[in-house]
Amino acid sequence: MKKKKNKSLKFLRKRLLKAARDLSMRILFAYDFRKEDLFNVLEEFLNTKKFSPDIKEYVLKVINFYNENSQEVDDIIKSHLKNWRFERIGYIERAVLRLGVSELLIIHSKEENKELKDKEIRILFLDLLDLVECYTNSKLSVKFVNGILGKINKELEQNENSIHIGLT
């Protein structure tokens, strides 16, 4: 009985995490598309529908991190673009990249063992690539985002001891 309960809790946690990432991506998309204040967009989204406290907490964590480190996050993305300008990236892809880099920086800054981080990163990649495919319906967009995030993740793994931005 206990094993079944643990499985259902893990499933629920994954669903909540996926929903929180979806909401975070939509907030970053709207922020970029509308060119409005990030916290006005965040407030608008959180007030349009009831979200669980867990989803709100996760969204606030990621959005606050991005807000505090937006220049660094965007610079990391820009530094991994080859023959492509940041402004030419689609709004969905840019929102997912911003979300992904923010979460990768958060994950790599944690004091966890490598196995735990790797598992968290695999789930993150699955969720993000699913979002790209869902919202763009483009395998090329999925491949593009996966390639950029994969290079960034590899670099962060190599430089894990020097990651200090926005992590207080």
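The secondary structure of the protein consists of six helices and zero strands, where helices (H or I, at least four residues) and strands (E, at least two) are DSSP runs numbered from the N terminus. The order along the sequence is α-α-α-α-α-α. The structure is a predicted model, in which local features need pLDDT of at least 70 and side-chain atom pairs count only at pLDDT 80 or more, whereas totals for chains, interfaces and linings use all residues. Residues are numbered from 1 along each chain as its sequence is written, and side-chain values use heavy atoms, with hydrogens and water left out.

Of the 168 residues of the protein, 41% are buried; buried means under 20% relative accessible area, exposed over 50%, and partly exposed in between (1.4 Å probe, protein chains only). Among contacts with a separation of 6 or more, 69% are made by residues 24 or more positions apart, a contact being defined by heavy atoms within 4.5 Å.

In soluble globular proteins, nonpolar side chains tend to be buried together. The largest nonpolar core of the model holds 49 residues; such a core is a set of buried Ala, Val, Leu, Ile, Met, Phe, Trp, Tyr and Cys residues joined through side-chain atoms within 4.5 Å. Within this core, the residues that touch the most other members are Leu23, Ile27, Val59, Val101, Leu104 and Leu149. Two or more core residues come from each of helix 1 (2–34), helix 2 (38–48), helix 3 (53–79), helix 4 (91–109), helix 5 (114–136) and helix 6 (139–158). When residues up to four places away in sequence are not counted, valine 59 touches Ala20, Leu23, Ser24, Ile27 and Leu42.

Side chains of opposite charge can pair when their charged atoms come close. The structure contains 15 salt bridges, each defined by a side-chain nitrogen of Lys or Arg within 4 Å of a carboxyl oxygen of Asp or Glu. One of these joins aspartate 74 and arginine 98, with an N to O distance of 2.9 Å. This pair links distant parts of the chain, as aspartate 74 is in helix 3 and arginine 98 in helix 4, 24 residues apart. Both aspartate 74 and arginine 98 are buried. The two residues also belong to a network of salt bridges that links Asp32, Lys35, Asp74, Arg94 and Arg98.

Glutamate 36 and arginine 34 form another salt bridge, in which the closest N and O atoms are 3.4 Å apart. Glutamate 36 is partly exposed at a relative accessible area of 35%, and arginine 34 is partly exposed at 30%. A salt bridge also connects the side chains of arginine 85 and glutamate 87 (3.9 Å, N to O). Here arginine 85 is exposed, with a relative accessible area of 52%, and glutamate 87 is exposed at 54%.

Lysine 35, a member of the network described above, is located in the loop between helix 1 and helix 2. Its phi is positive, at about 60°, although lysine 35 is not a glycine. Lysine 35 is exposed at 57% relative accessibility. Asparagine 137, likewise not a glycine, has a positive phi of about 55°. Asparagine 137 lies in the loop between helix 5 and helix 6 and is exposed at 70% relative accessibility.

Pockets were located on a 1 Å grid over the protein atoms alone, a pocket being an open set of points where a 1.4 Å probe fits, with protein on both sides within 12 Å along at least five of seven lines; lining residues have an atom within 4 Å of a point. Grid points are joined across faces, edges and corners, and a volume is the space filled by probe spheres set on the points. By class, the lining of the largest pocket comprises seven nonpolar, no polar and ten charged residues, with Ala, Val, Leu, Ile, Met, Phe, Trp, Tyr, Cys and Pro taken as nonpolar, Asp, Glu, Lys and Arg as charged, and the others, Gly among them, as polar.

The second largest pocket has a volume of about 210 Å³. Of its 14 lining residues, Leu81, Trp84, Leu140, Phe144 and Ile148 are the closest to its centre. Helix 6 supplies the largest share of this lining, seven residues. The lining of the second largest pocket divides into six nonpolar, four polar and four charged residues.
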